[in-house]
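Hi everyone, thanks for coming. Let me bring up today's structure, and then we'll walk through a few spots together.

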Amino acid sequence: MSRLPIRIRLTLVFAAVMAVVLAALGAFLYVRLADSLDERISEDLDARRMALTRVVVGGGDVDPSLLAGAEGLARVIGHGARGPVYTETGHALLLTADELDAARTRSVTTDHDGYRLRAVPVADKVVLVGDPLDDRQEALDALLAQLLVALPLALLASSAIGYIVAGAALRPIEAMRRRADEISASTSAQRLPLPTAHDEVYRLGVTLNEMLERLDAGLERERRFVADASHELRTPLATLKTELEVALRQPRSAAELEHAIDSAAEETDRLVRLAENLLLVARSDQGALTVARDPIAVDALLAEVAGRFGRSAEAAGRIIEVEDSGAELAGDRERLDQALGDLVENALRHGAGEVRLHAVEHDGFVELHVTDQGGFDELFLPRAFERFTRADDARTGEGTGLGLAIVAAIARAHGGSAHAANLAGGGADVWLTAPKLLNDPDAAGRDRGSLV
Amino acid sequence: MRILVVEDELKMAALLRRGLAEEGHAVDVAATGDDGVWMAQAADYDAIVLDLMLPGLDGVSVCRRWRENGVWAPVLMLTARDGIEDRVAGLDAGADDYLRKPFSFAELLARLRALARRGTPERPIVLEVGDLKLDPATRQVWRGDTEISLSAKEFALLETFMRRPGDVLSRLQLLEHAWDYAYETRSNVVDVYMRYLREKIDRPFGRESLETVRGAGYRLRKDGS
């Protein structure tokens, strides 16, 4: 059954229920007709019994057969008569001996040989009237014959209607299936057709369309990432290729060649950095970016990052300050160093004024903040951590557009998150979070000691 | 040749300047789209190299701006993107050729030479004759501010006229430009479509811009009315 199409299954169930209903209806009609025929015969018998009783009580000597009616029969059975009683011709039984005995004291109704008979005691006699049953049987047989033709026809017609209705109800689903069959990565903007009625199928369609919407958005992000990545890769490759081709077009002095090689090396570095960043982002996407969970003193980490950029900040006339907090976290020193380095580099390149590094403990996490006195474009903030987004369109040829995406990836690998905001008093604030060091450092030290 | 390079990537711009200069060309560099727009209008360049990805005004808009302002120098666009859409948008905006980064410098030079050979005839993106306007890229036609809807054949016929305003075109010429060989012998198809076209671009506006030249063919009046 479950292998059959839903449409057939619905029709079969409908037909089965319909068959039961129609059979019950037929049986009901049959019984009702039989009842009403019985009632008519009974009334007829009673009428004749009463007429005959009057004759018997009146002592008149009337031939009872005059009261028998066209096809019925009427008899008066005397006091001493013994059963069984037969018709005059003797070929049909009217009353058995037992029935006759019973009829001496009470009214007896019985069927014999195609007759309904009623025997009633009147004084010391028994009055017997009868009606033939063949009319009744004929009427019932006729009804049965009609029902046997009409009911299967009705069943067939209603099943056909059920089949059509089931088809109509399933049509929106078939339409959705056909469209879903056509949707592929290249036509992901397509949506399933929705039925006009706001029913279960409509809700299913809406839900599926919402799912398609999410998949499409993911696909679109992926597509944009590939397009952006190819653009980011082609730009340094184009510079590299042109640099080398121009250098080779004519004889060059050693100094010229050295300059060309320097420039090519610079572009190569950029490509290497880009490739590494892309790989890191890809690993993060696959959830394959693993980080160590070493105890890290935050103050030392911040001081080291600040120290690394000290000279370039000085050259740009900027100051980097570190605020001590005494916080400790569990994390990967190298990755956090990289993330903070990216943030400081961004602050120096795109921000303004003093760059401050500080940490805040909050809710089991340590927030590592890098602030400067510049500020973000409000439109940029929601997209800050997406790949290849830049606050300014200018491509200075240095950044890869992946810096903040990598900061976010490193924060996520630590179980934390990355955020960017404008400070209330002006200035930009970017921070990432990493889990606080839970067990106190002494205990950690002892543990390690016992292992040695 | 005097060549304008519009490129925001400083290193690439410097390289193009050096490489082209070594080939004996005079090269100016614009680092933004806005600079590119006014520089091309200020001097008569033989060719322009235009990067499509520019900060501010992007390459497609820059190119369209030039064509609107009557800058007809051949434009070779450079793109680092994959998308066909970028190239279609650039070419429809009036660019003459494109190269995808990374490109071969020798090919860049060859393409610039080829572009320069074509000279700088007017190549408007939108054809205009009087107050009739036709945009082949979007397939739109206007009489004044009213947009007119034409069938594909009517459009092809009108485009043929609008590329040669004032010229008398014989039925055979019209057949050659707007129909293919299958129609060669059925010259009355031209008369039928001329009637359709007049119904759409002349009659509703009370004009008679499409004239019948007895014994010669048809002509679109130079003033379009």
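Where is A:Asp113 found? A:Asp113 sits in chain A, in the loop between strand E4 (108-112) and strand E5 (115-122); helices (H or I, at least four residues) and strands (E, at least two) are DSSP runs, numbered from the N terminus. Before going on, a word on what you see: this is a predicted model, where local features need pLDDT of at least 70, side-chain atom pairs count only at pLDDT 80 or more, and totals for chains, interfaces and linings use all residues. Residues are numbered from 1 along each chain as its sequence is written, while chains are lettered from A and ligands numbered from 1 in the order in which they are written.

Back to A:Asp113: its phi is positive, about 50 degrees, although this residue is not a glycine. A:Asp113 is partly exposed, with 14 other C-beta atoms within 10 Å (20 or more would be buried, 12 or fewer exposed, in between partly exposed, with C-beta atoms placed from the backbone).

Next, A:Asp363, in the loop between strand E10 (355-362) and strand E11 (365-372) of chain A. Phi of A:Asp363 is positive too, near 60 degrees. A:Asp363 is exposed, with 7 other C-beta atoms within 10 Å.

Now to chain B. A cis peptide bond joins B:Lys101 and B:Pro102, with omega about -5 degrees. B:Pro102 lies in the loop between strand E5 (97-100) and helix H5 (105-117) of chain B.
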